[in-house]
Amino acid sequence: MTDNPTPSRDELPEPVVQRRRFNASLIWLVPALAALVGLSLVVHGWMQAGPNITITFQTAEGLEAGKTPVKYKNVVIGKVNRIDLTRDRSKVRVRVALEKSAESFATAGTRYWVVRPRIGLGGVSGVDTLLSGAFIGADTGDSQEYRNEFTGLEIPPAVPHGAPGKSFSLHSDDLGSLDIGSPVYFRRIQVGRVVSYQLDKDGKGVSLQIFVDGPNDRFVTTSTRFWNASGVDVSLGANGLKLNTQSLATVLAGGVAFQDPRGPHDSTPAAEGASYKLFGDQVTAMAPPDGEPHYIRMRFEQSLRGLVVDAPVEFLGINIGRVVSINLDYDDKKQRFPVTVGAVVYPQRLGRAYDKLSELAKARGEPDLSIMLGRLIEHGLRAQARTGNLLTGQLYIAMDFIPNAPKADFDPAGKPLEIPTAPGSFDKLQEQMAEIVDKLQKIPFDSIGRNLDQTLGELNRTLKQVNGEVLPEFRNTLKGAQQTLGTADQALSNDSPLQQNLGDTLKQLQRMARSLRVLTDYLGVHPEALIRGRPADPPQARPAPAQAPKQGSKP
Amino acid sequence: MSALPRARDLGLIGCHVCGLVCRDVGRHDAACPRCGSALHRRKTASLARTWALLIAAFILYLPANLLPIMRTVSLGDVDDNTILSGVIELWVKGSPDLAVIVFTASIVVPMLKFLVLATLLLSARSGTDWAQRQRARLYRLVEFIGYWSMLDVFVVALLTALVRFNFLSRVEPLPGVVFFGLTVVLTMLASMSFDPRLIWDGRTNDD
């Protein structure tokens with residue numbers, strides 16, 4: 001490889017000259033381009049990056065940093081960046097990087113919640129998340145105010161923001177089996193749902209917010225009645241057993257139904273947020289309004305076993321209220337324990353009678369009906385605890401006119417009004433029964449028993465004596481009697497001499513009677529014969545008496 | 001430095017492509033009379049090109065690692081993975097062997113290339129005669145492992161094509177893999193544009 005074998009320079013081929021194709025410095029375009037791409041990525045990422053927000057949840061169940069998306073209407077608007085605990089470890093802070101386009105979600109009114117699969121009585125939701133994992137749902141609000149700290153909802157909001165429809169508020173004594181998401185029915189079609197509920201501030205009731213979807217919200221009018229459609233209404237009437245429910249789902253999960261009352265009513269659609277009372281069932285809901293409740297009190301001097309709170313108060317058979325309290329009291333003077341029963345009555349349930357009474361009261365210039373009530377009490381209006389059901393012994397309060405009721409005091413100004421009471425019919429019966437039992441108990445059953453026992457012993461002895469001594473003799477006597485009877489029978493038989501003798505005797509007696517008659521006839525014609533004796537008979541007259549003995553001597 | 005004369009000393013020049021030895025006329029625009037390719041004593045602007053390509057590759061290597069390369073959708077469960085998170089996931093889920101392979105192919109090999117090429121470039125620039133044989137060996141190593149560094153791209157391409165069970169399972173490529181592929185191509189170009197003879201030159205000769 002040295003100089004030796006090398007051909008001389010001139011023999012070697014001459015290189016051809018070519019135009020230089022490409023400038024070496026152009027190669028730097030490659031890293032420049034790469035840098036440009038990288039820079040563009042950075043810029044893009046920076047441009048895309050939206051606000052970072054922090055949402056606080058009770059638990060991070062199902063959430064995964066770097067993976068869990070935030071969705072609005074199923075469009076991804078962000079992603080969970082980091083999950084950590086709050087300082088007091090009671091909650092979970094979820095950092096979410098929103099996209100640039102989702103800047104409007106970092107505003108005060110936005111709500112966030114975790115969508116997880118939920119299986120409830122009312123149905124199944126979020127099934128897709130079973131496979132894909134949970135995600136954070138978002139819902140916009142009205143506010144434009146920037147905010148980056150949010151408290152996540154534990155339960156998805158029932159109504160998305162801006163959904164057509166109206167929300168109303170219902171008031172009830174208790175929640176029943178209702179829950180968030182419970183359906184709201186109108187003519188058995190679901191038109192809305194329960195959005196939220198909370199206790200009233202005084203704790204004496206529950207307020208529910210419901211949302212009725214458009215366009216069905218126009219069916220909620222100012223006079224609409226709402227009732228709790230949970231469960232099954234079983235009624236036993238003259239037509240037989242009747243079972244009534246909104247739908248099978250409401251039996252389990254509860255629901256609210258509404259309808260307008262029958263008859264003429266105001267049918268202007270209700271305003272947003274209107275407030276209604278939630279009735280317990282359809283019947284009470286559709287009943288005419290009860291009007292103002294009045295509290296009354298009654299004192300009973302007897303046991304009220306079977307009277308329960310919510311027992312009806314009836315006036316002449318019309319339900320006008322219900323019992324709200326039953327308390328035992330002590331009367332020092334009488335040394336007795338009266339029972340004080342408190343009840344709420346709705347005088348408007350009396351219907352036309354109430355109207356007339358109130359008109360009368362107004363005409364007389366009385367402020368309310370209490371004076372009128374006093375007048376009724378004078379006429380014998382009394383409250384009675386009556387048995388409504390003989391089997392269960394349940395009592396109800398009946399207000400009725402008792403004839404010849406003893407006079408009772410009534411204070412029309414009393415608060416609450418105290419209605420005089422009368423012992424119930426059943427109680428009277430019980431008292432009488434008790435008296436009878438008392439009297440029965442006074443009978444000396446013991447001595448009676450002893451005497452009876454003695455008497456029976458003696459009777460026994462007597463009977464033995466009778467059996468041993470009297471009966472054989474009696475039998476002998478009977479035998480004697482039988483003999484006598486046999487003899488008598490013989491004596492009386494057709495062919496007995498006695499009979500024959502008797503027949504002869506009778507015949508002779510007959511003959512004798514005939515001669516007597518002849519004699520009397522003769523004496524009738526010839527009375528003088530008694531003295532003079534019989535004159536000589538004409539020959540015709542003789543054969544008759546002569547014939548008679550002839551006949552008689554024949555047997 | 002060997003005592004042997006160099007082609008330059010003899011006024012000769014060899015064609016890079018067909019190997020024909022020509023006279024060195026000292027022109028920049030000389031071309032091989034046989035195959036027509038340009039004639040250089042050394043690869044043209046070898047150091048500059050290699051540097052440029054290496055820097056570009058390194059710039060693109062950043063998004064290749066930071067951006068997710070693959071999306072696995074399995075029963076609705078969407079999972080985006082970058083190279084490193086994929087390696088970690090493989091390791092955690094009980095396939096350390098696979099994790100090591102992927103880690104080697106996707107992280108070790110490119111990094112090795114960057115380092116080796118940078119070392120070669122720096123040493124070639126300074127013209128030192130330090131560890132020339134080892135440097136030559138390093139260069140051959142880089143050339144060799146260059147074949148394997150597209151492993152990740154192949155994996156993604158294959159999975160994307162094979163795993164298409166719509167709802168059950170689906171694999172989608174994500175932008176990261178493009179950057180990774182570009183990085184690999186650029187490093188290969190860089191190692192190609194490096195002239196190993198520079199190692200033996202003992203001084204810069206990038207003409």
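Which residue of β9(A) is the bridge partner of A:V114? In this predicted model, in which residues are numbered from 1 along each chain as its sequence is written and chains are lettered from A in the order in which they are written, the partner of A:V114 is A:I136. Local features require pLDDT of at least 70, side-chain atom pairs count only at pLDDT 80 or more, totals for chains, interfaces and linings use all residues, and side-chain values rest on heavy atoms, with hydrogens and water left out.

The strands β6(A) and β9(A) (residues 135-139) run antiparallel and are joined by 5 bridges. Strands (E, at least two residues) and helices (H or I, at least four) are DSSP runs numbered from the N terminus, and two strands are taken to pair if DSSP finds at least two bridges between them. Both strands belong to an open sheet of 7 strands in chain A, with the order β6-β9-β3-β4-β5-β2-β10 and mixed pairing. At the edges stand β6 (111-115) and β10 (149-151) of chain A; each has a single partner strand, so one side of each is left without a neighbour in the sheet. From one strand to the next, the twist averages 35°; axes are lines fitted to C-alpha atoms, for helices over the stretch in contact, and angles run from 0 to 180 degrees between N-to-C directions. Helix α1 of chain A (residues 29-48) lies across β2 (49-57) and β5 (92-99) of that chain, at about 50° to β2(A).

Further pairing in chain A involves β19(A) (residues 275-279), which pairs in the parallel sense with β11(A) (residues 165-172) over 3 bridges; here A:S169 stands opposite A:S275. Strand β15(A) (residues 225-228) also runs parallel to β19(A), with 2 bridges, and A:F226 stands opposite A:L278.

Between the chains, 39 residues of chain B are in contact (heavy atoms within 4.5 Å) with 26 residues of chain A. The buried area, defined as the accessible area (1.4 Å probe) lost by two parts on being put together and summed over both, is about 2800 Å², with carbon and sulfur atoms giving 68%. In chain B, the most area is lost to chain A by B:R23, B:D29 and B:R49, together 22% of what that side buries. Among the contributing elements of chain B are β2 (21-23), β3 (30-31) and α2 (46-66), of which α2(B) gives the most, with 10 residues. Strand β1(A) (residues 16-17) pairs with β3(B) in the antiparallel sense over 2 bridges, and A:V16 has B:A31 as its bridge partner.
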